[in-house]
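User: Could you walk me through how to read aromatic contacts in a structure like this one?

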Amino acid sequence: MNRRTVLAATAGAAVAAHATPAFGAAAAADADAIVVGHGLAGLVATAELVAAGRKVLLLDQEPEASLGGQAWWSFGGLFFVNSVEQGLMGVKDSYDLAWQDWLGSAGFDRGVDDPAGPDYWAYKWAQAYVQFAAGEKRSWLSGLGLQWFPAVGWAERGGGKADGHGNSVPRFHVTWGTGPAIVEPFEKKVRAGVAAGKVVFKFRHRVDEVVVTNGAVTGVRGAILEASSAARGTPSSRTVIGDFDLKAPIVIVTSGGIGANQDLIRQNWPARLGPPPGFMVTGVPAHVDGRMLAITQKAGGRIVNPDRMWHYTEGLRNFAPIWPNHGIRILPGPSSIWLDAKGKRFSAPDMPGYDTLHTLGTITASGYDYSWFVTTQKIVDKEFALSGSEQNPDLTGKNLWLLLSRIWQTPEPIQKFQKYGADFVQAATLPELVAGMNRLAGNNLLDPADVKRQVDARDREIDNAYSKDAQVMGIRNALDYLGDQISRTASIHKILDTSAGPLVAVRLNVLTRKTLGGLQTDLSGRVLNAAGAPVPGLYAAGEVSGFGGGGVHGYRSLEGTFLGGCLFSGRQAGKAAAAALA
């Protein structure tokens, strides 16, 4: 070798060192861990690994604009038990009451006591999560700078039995700043890891294979997609410009669920919910495609409870869509009359805000894929909210004055949907309203006389301070709670009270959202195989794991538990993976 050869070799080594992460240059592995998915669970897991001094590659098929995933778009609701905010509202909560509600809602019935059963680890995750929600969850997040709106929401009020489905008390805590505020502290931690040389982002890296060598996970392979300037949530290019093969002794899959893949939803749709709707609006961006479920299964992971899913019944077609078939959910108060497509009023528990999946089954059993709210402008003004950070500029922007303006005016996003949305009808009289509903549906299923008969019957129940009508009893129950009085329930009145008008009808579509089953994991987030043993080196967190254990919610959610499930499972997996690397 001469001097020129030595210099050339030295220069080549220097270029290679700059072209790859510094922590991958001196070893066969490119990092201590690879995290697949840069949503909330992925950010939390990465933050835990960095806190323990580990070196991480964070991969996602989307561009940097979509960092934070679905959580960024969320309303920011979190499930706490016996919180400061509940105390301010006069709510008496406890772990025992929350656990009773969780079990009544989850309905675990698939091998809870059998280590090989689909619900074995789901039950253990549920128990651990409710303890977390009743314990350190709030103080942990508060320590990261998060705050919550003081009026606690009362979501999923249940099916009417103390030990059945639903929240016995309000537990839905809206984060000040909504979803972006929840993402922010973890994004900051990860970006600090990037600055410290502990994390490398790998945007536009689509994982196509989890590599297994001699029975253990050793990395991932896939395609590099072309750079994309797609805005957050909008579809990005799938043009492949190269491939990659990255190595690490641990891979954590945090890739989300199947909510935008309607073919996969219909494939796994449970018979207990009736036939899948012919038309559904989509509640999540197109990249929530469920690809990593099958890819991780091929690497040895076990998928359990794929028929458990969570879709909403109050979806609107977005007049200004961001992603394909974009739907927005109405978060309803308790007062609107709910009719099926033929105009038959629903009975308990199919009332606004009570039992989402039972109502979904009732809608599909009607033979149609939509239903109706019949309501008043007074109810719309006080009770209608829209899910999503972008639909709540006051809460998301932490604008107190704009928030207070809800007291004297209809929030602007609601006004826009009433003006431009395809699903709203407004009229001065009930016959005019029903005629408009029939025009919107393109049929004559609604009989004006029958709709009037049912509205009159409901209105007669308002004359006394007591009633046999379950919905009217529910409205009075809501008005006994300070939080609902302040922000979520209109004073009780007759639908045909002209001073509360005009009359409003809303066509409600089924809106896709969450996967409740997924990869089965133990309490460390380790993915289990068909025999119930951990796949060496393979972890999962967030929606891809059913928010823990392959289905922490069982059959039904108590709400405020999806973001919380990402936080808790991401934390568990990140801590356990960091310890395994010690």
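User: Is Tyr 129 buried or exposed?

Analyst: Buried means under 20% relative accessible area, exposed over 50% and partly exposed in between (1.4 Å probe, protein chains only). Tyr 129 has 3% relative accessibility, so it counts as buried. Trp 102 is buried too, at 2%. Keep in mind that this is a predicted model, where local features need pLDDT of at least 70, side-chain atom pairs count only at pLDDT 80 or more, and totals for chains, interfaces and linings use all residues. Residues are numbered from 1 along each chain as its sequence is written, and side-chain values use heavy atoms, leaving out hydrogens and water.

User: How many aromatic pairs are there, and why is the pair of Trp 102 and Tyr 129 called tilted or stacked?

Analyst: Rings of Phe, Tyr and Trp (its six-membered ring) pair if their centres lie within 6.5 Å; planes under 30 degrees apart are stacked, over 60 edge-to-face, the rest tilted. The whole structure has 29 such pairs. For Trp 102 and Tyr 129, the centres are 5.6 Å apart and the planes are at 55°, so the pair is tilted. Both residues belong to one aromatic cluster, whose members include Trp 140 and Phe 568.

User: Which charged end sits over the ring of Trp 140?

Analyst: The test is NZ of Lys or CZ of Arg within 6 Å of the ring centre and within 35 degrees of the ring normal. Over Trp 140 sits the charged end of Arg 571, 4.5 Å from the ring centre. Likewise, Arg 507 has its charged end over the ring of Tyr 370, 4.1 Å from the centre.
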